[in-house]
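Please keep the structure open while reading.

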Amino acid sequence: MTSQPTRQRILSGMQPTNDSLSIGNYIGAMTQWVALQENYDAFYMVVDLHALTVNPDPEKLKTRTRSTLAQYLAGGVDPSRSTLFLQSHVPAHAELAWILSCNTGFGELGRMTQFKDKSAKQGIEGASAGLFTYPVLMAADILLYDSALVPVGEDQRQHLELTRNLAERMNSRFGEDTFVVPEPHIVKAVAKVYDLQQPTAKMSKSEVGKGTIWLMDPPKVAAKKIKSAVTDAGTEIRFDREEKPGVSNLLTMYSVFTGQTIEQLEQEYAGKQYGHLKVDLAEIVADFLTQFQGEVHRYLDDPAELDRILATGAAKAQAVAQETLARVYDRVGLLAPGHGVA
């Protein structure tokens with residue numbers, strides 16, 4: 001296989017479906033991305049083609065795409081160490097998705113949990129073909145870059161398993177080195193942040209209300225959400241996901257933003273009230289957001305620099321993607337452009 005990276009390649013991305021990513025996205029994914037770019041050949045994208053499955057307003061999608069990119073950069077994704085690009089800037093994603101879709105069973109896609117959940121909410125008649133074939137495009141995203149590892153949460157495990165099945169199926173039919181079969185990359189030490197009002201539910205960027213802290217929330221608004229967070233029975237401040245999910249969630253956030261261990265925080269707040277913990281954490285998060293948003297706006301105020309970063313990243317991604325696509329075209333029997341022309 002040509003142009004193999006000297007380090008294992010890892011790929012991930014997030015959708016620009018909101019004006020802001022959440023604190024959960026930052027803690028659960030972005031901090032992991034930043035760490036991974038040290039030791040891996042990292043490819044990070046804004047998956048704007050996937051965002052089309054929810055029929056977004058075109059102007060909002062453009063604005064949110066640039067904002068998401070700026071948040072990646074503000075969060076520490078370094079374009080000099082990672083390949084950072086927009087999914088739609090590399091046409092090979094859609095091209096490979098078509099080839100993969102011709103090798104994917106209808107029943108396989110019908111069993112995808114996310115499609116069943118989303119189509120149940122809006123009805124089958126209201127669900128688009130794009131939503132149905134979304135996992136195939138995700139598989140193309142991964143396989144296009146010979147990705148050895150893919151950071152995934154539990155909600156994406158099924159999609160990655162489909163990707164692995166497709167890669168193995170294509171390798172069996174067209175040659176064992178047609179695709180790299182990716183492995184899930186799950187860092188067990190990564191903290192999980194939960195909804196502030198429902199601390200047993202994941203804090204998600206698709207959620208709304210007081211339970212989610214957005215990276216672009218005004219710092220005072222975020223502080224108020226923390227001070228209003230649901231806590232638990234009793235008064236002892238200790239980490240216990242089962243008995244004290246609310247306090248445990250606050251301790252997790254505190255630990256991430258300060259670098260203190262949970263044990264250190266339990267000692268520091270021994271004998272204190274929940275209110276003390278909330279007030280201190282609110283101030284810490286507000287300070288973080290103030291600095292983070294300053295960086296975001298610095299990038300958004302320099303659109304030429306954002307465009308330069310995107311162009312550089314797209315060129316690097318396209319070079320890798322075209323090699324993979326050419327290999328796949330040859331294996332499945334498609335003629336290369338210009339083939340046989342005198």
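Helices α4 and α7 cross with a right-handed sense; a crossing counts as right-handed if the near helix is turned clockwise from the far one by less than a right angle, and left-handed if anticlockwise. This is a predicted model, in which local features need pLDDT of at least 70 and side-chain atom pairs count only at pLDDT 80 or more, while totals for chains, interfaces and linings use all residues. Residues are numbered from 1 along each chain as its sequence is written, and side-chain values use heavy atoms, with hydrogens and water left out.

**Helix α4 with helix α7**

- The axes of α4 (residues 92-101) and α7 (residues 129-143) come within 8 Å and cross at roughly 120°.
- Axes are lines fitted to C-alpha atoms, for helices over the stretch in contact, and angles run from 0 to 180 degrees between N-to-C directions.
- Helices are DSSP runs (H or I, at least four residues), strands likewise (E, at least two), numbered from the N terminus.
- On the α4 side, H93, L96, A97, L100 and S101 make the contact; contact means heavy atoms within 4.5 Å.
- On the α7 side, the residues are V136, L137, A139, A140, D141 and L143.
- By class, the contact of α4 with α7 has eight nonpolar, two polar and one charged residues.
- Nonpolar covers Ala, Val, Leu, Ile, Met, Phe, Trp, Tyr, Cys and Pro; charged covers Asp, Glu, Lys and Arg; the others, Gly among them, are polar.

- The axes of α3 (residues 58-74) and α12 (residues 274-300) come within 8 Å and cross at roughly 125°.
- That angle makes α3 oblique to α12; under 35 degrees counts as roughly parallel, over 145 as roughly antiparallel, 65 to 115 as roughly perpendicular and the rest as oblique.
- The crossing of α3 and α12 is right-handed.
- From α3, R66, S67, A70, Q71, L73 and A74 meet F292, E295, V296, Y299 and L300 of α12.
- This α3 contact with α12 has seven nonpolar, two polar and two charged residues.
- α9 packs against α12 at about 155°, with the axes 8 Å apart.
- α9 and α12 are therefore roughly antiparallel to each other.
- Their crossing is right-handed.
- P219, A222, A223, I226 and K227 of α9 make the contact, with α12 residues including K278, L281, A282 and V285.
- By class, the contact of α9 with α12 has nine nonpolar, two polar and two charged residues.

**Aromatic pairs**

- The whole structure holds twelve aromatic pairs; rings of Phe, Tyr and Trp (its six-membered ring) pair if their centres lie within 6.5 Å, and planes under 30 degrees apart count as stacked, over 60 as edge-to-face and the rest as tilted.
- W33 and Y72 have ring centres 5.0 Å apart and planes at 85°, so the pair is edge-to-face.
- W33 lies in α1 (residues 23-36) and Y72 in α3, so the pair ties together parts that are 39 residues apart in sequence.

**Loop residues**

- D240 sits in the loop between α9 (219-227) and α10 (245-258).
- The D240 side chain reaches the backbone nitrogen of E242 at 3.1 Å.
- Leaving aside neighbours within four places in sequence, D240 is in contact with P245 and S248.
- Q156 lies in the loop between β4 (149-151) and α8 (157-174).
- Not counting residues up to four places away in sequence, Q156 touches Q114 and M138.

How values were computed:
Polar contact = N/O pair within 3.5 Å; in protein donor to acceptor, adjacent residues only side chain to side chain.
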